[in-house]
Amino acid sequence: EPTRCSSSSLLHPKNKPTITMKFLPLSAIAVVALPSLTPANAFFAPPTSSAFITTQPSSSHQSTHDAFRVSSSLLKASTTPLHDESLSPGITAIDTSLPSLSPLFSSLRSLPFFRLYSCDMLASCEYIPQELFECYTESCEIYPIDDDEVPMDIKSNDFNEHEFELDGWARWDMPSDDYYDTLQFPEDYTGYDGSEVWGFIHNRIGFHEEEALVRDEYDADSWKADFNKAVSGLHAMVSAQVVRGMIEKLQDTGELDPESYQWTDPVEEYERRLGANGETPEAVENMYFTMMLLLSGVRAARDRLLQDCDSGSIGDAEACETLRSILTHPLMDDPNIDAASRRLKDHALRDTNNLWEARMRTRDLMRIMNCVQCNKCRFHGKISTLGLSTALQLTLGRQGMGGDVAKIHRVELAALVTTMGKFASGIELCYEMQAL
């Protein structure tokens, strides 16, 4: 899967950690020695100093967020201090709730409504000149399921709902008879190097033009920094899934062939991608930020999802009970999870004339996934990007006041909930790695 910024090849720590591991259950991994990694001044990396950087933030936002402030609070999933202190209560709420919420996502994955997607796996890359890349492992490949395995109501809804919106938030692939199953082809460590794609995302799709964004890419007093932070959170989630996939493969096989897999040490990769001294020290905080946007999006779509349950679109009574358990979980009504959406909306309402840029770049974020030359990575990348796009659409709409949930399509609802589950798994991976 896409895993790192284009500059990451220049950022490996000089001293690799010495690690001895037993590949039993994740909790049984034993680290004998893990020396400090050399900090990497990666592209998009925020300041790592504990000092405060003084600025004059907007008065309307000052009560909840001081731009560029480095907090003394620490995350359960990371040793990196928070940069946005206003996220702290929401992060605590997520940490408290995930043990009871995550098993529900695992159950939800089995429902056709949330696991079947008609996805164009042959679309050409329109952004980066590429040579044909053949993935070195069989795990890169996915295949469409048999036509009779796709419920007719899902297929008909996807065909009937598909429409072209000139200035919409995202454009999902044109529906076809080819449906792919996330249960049959779950997230995996394929060995694919997506650094070129992630480099394009961060360098070209992200926002950098304003002076405040140059000083602080993620926490400047601007909706453009919020966009960057959400995309960085998406990247962090993918990195967590890569590390989890490495661990699972090592548990199954005992080793990773270096000729097929560029990265073979999950602890080293975790530290490089998500660690406090890694390429993006703020990565885990950004993952929480995006998780909060997804939670707020699912809550905004709750009545619509319950309506689809009542109509039988989601599945049978047992399936709907699983979804209801998620939608009525106390976390969904915790006001602290609104910190990310409130910050984004407050910023957007001060700049409504330029929100077309957010929609345009979200569409670009979806289309750049066609440049991913690992089909499994492309598939999951598109779902995750659509999930984030749907959360942004419900939070902002066209003028910053929120979107119309009645216009959200089946595939967008499915991707929104599925992506929230992906983020829950990514955050839990960080818990487990911090406990080593």
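**Contacts and packing**

Analyst: Leaving aside neighbours within four places in sequence, Thr 362 is in contact with Trp 169, Phe 227, Ser 389 and Leu 392. Keep in mind that this is a predicted model.

User: Which helix is Thr 362 in? And is Thr 362 buried or exposed?

Analyst: Thr 362 belongs to helix α12, residues 356-367. Its relative accessibility is 1%, so Thr 362 counts as buried, the cut-off being under 20%.

User: Phe 227 was among those contacts. How many aromatic pairs are there in total?

Analyst: The count comes to nine aromatic pairs. One of them is Phe 207 with Phe 227, an edge-to-face pair with 5.4 Å centre to centre and 80° between the planes.

User: Why do Phe 207 and Phe 227 count as buried?

Analyst: Phe 207 counts as buried because its relative accessibility is 0%. Phe 227 has 5%, so Phe 227 counts as buried too, with the cut-off at under 20%.

User: Which charged end sits over the ring of Phe 207?

Analyst: That of Arg 361, at 3.9 Å from the ring centre. There is also Arg 273, which lies over the face of Trp 263, 4.6 Å from the ring centre.

User: Which residues do ring pairs link into a cluster?

Analyst: Tyr 117, Trp 172, Tyr 180 and Phe 379.

User: New topic, helices. How many helices and strands does the chain have?

Analyst: There are 14 helices and four strands.

User: What span should α1 have, and how far apart are its end C-alpha atoms?

Analyst: Helix α1 runs over residues 88-108, which is 21 residues. At 1.5 Å a residue the helix should span 30 Å; the end C-alpha atoms are 28 Å apart, so the two agree.

User: Where does α1 bend?

Analyst: At Leu 98, by about 60°. A proline, Pro 99, follows within four residues.

User: Which residues of α9 are buried?

Analyst: In α9, residues 302-311, the buried ones are Arg 302, Arg 304, Leu 305, Leu 306, Asp 308 and Cys 309. Their cover includes α2 (112-115), α3 (152-161), α8 (283-300), α10 (317-327) and α14 (410-434).

User: What comes just after α9?

Analyst: Gly 312, with a positive phi of about 90°.

User: Now Leu 349. Where is it, and what does it touch?

Analyst: Leu 349 is in helix α11, residues 339-349. Not counting residues up to four places away in sequence, Leu 349 touches Gln 399, Gly 400 and Met 401. The C-alpha atoms of Leu 349 and Trp 223 are separated by 9.1 Å, although these residues are 126 apart along the chain. With 39% relative accessibility, Leu 349 counts as partly exposed.

User: Last one, the whole chain. What share of the residues is buried, and what is the accessible surface?

Analyst: Buried residues make up 58% of the 436 in the chain. The accessible surface comes to about 18,000 Å², and 50% of that belongs to carbon and sulfur atoms. As for contacts between residues at least 6 apart in sequence, 78% join residues at least 24 apart.

Conventions: Residues are numbered from 1 along each chain as its sequence is written. This is a predicted model: local features need pLDDT of at least 70, side-chain atom pairs count only at pLDDT 80 or more; totals for chains, interfaces and linings use all residues. Side-chain values use heavy atoms; hydrogens and water are left out. Rings of Phe, Tyr and Trp (its six-membered ring) pair if their centres lie within 6.5 Å; planes under 30 degrees apart count as stacked, over 60 as edge-to-face and the rest as tilted. Buried means under 20% relative accessible area, exposed over 50%, partly exposed in between (1.4 Å probe, protein chains only). A charge sits over a ring if NZ of Lys or CZ of Arg is within 6 Å of the ring centre and within 35 degrees of the ring normal. Helices (H or I, at least four residues) and strands (E, at least two) are DSSP runs, numbered from the N terminus. The expected span of a helix is 1.5 Å times one less than its number of residues. The bend at a residue is the angle between axes fitted to the seven residues ending there and the seven starting there. Contact means heavy atoms within 4.5 Å. Accessible areas come from the Shrake-Rupley method with a 1.4 Å probe; for residues, only the protein chains shown count as cover.
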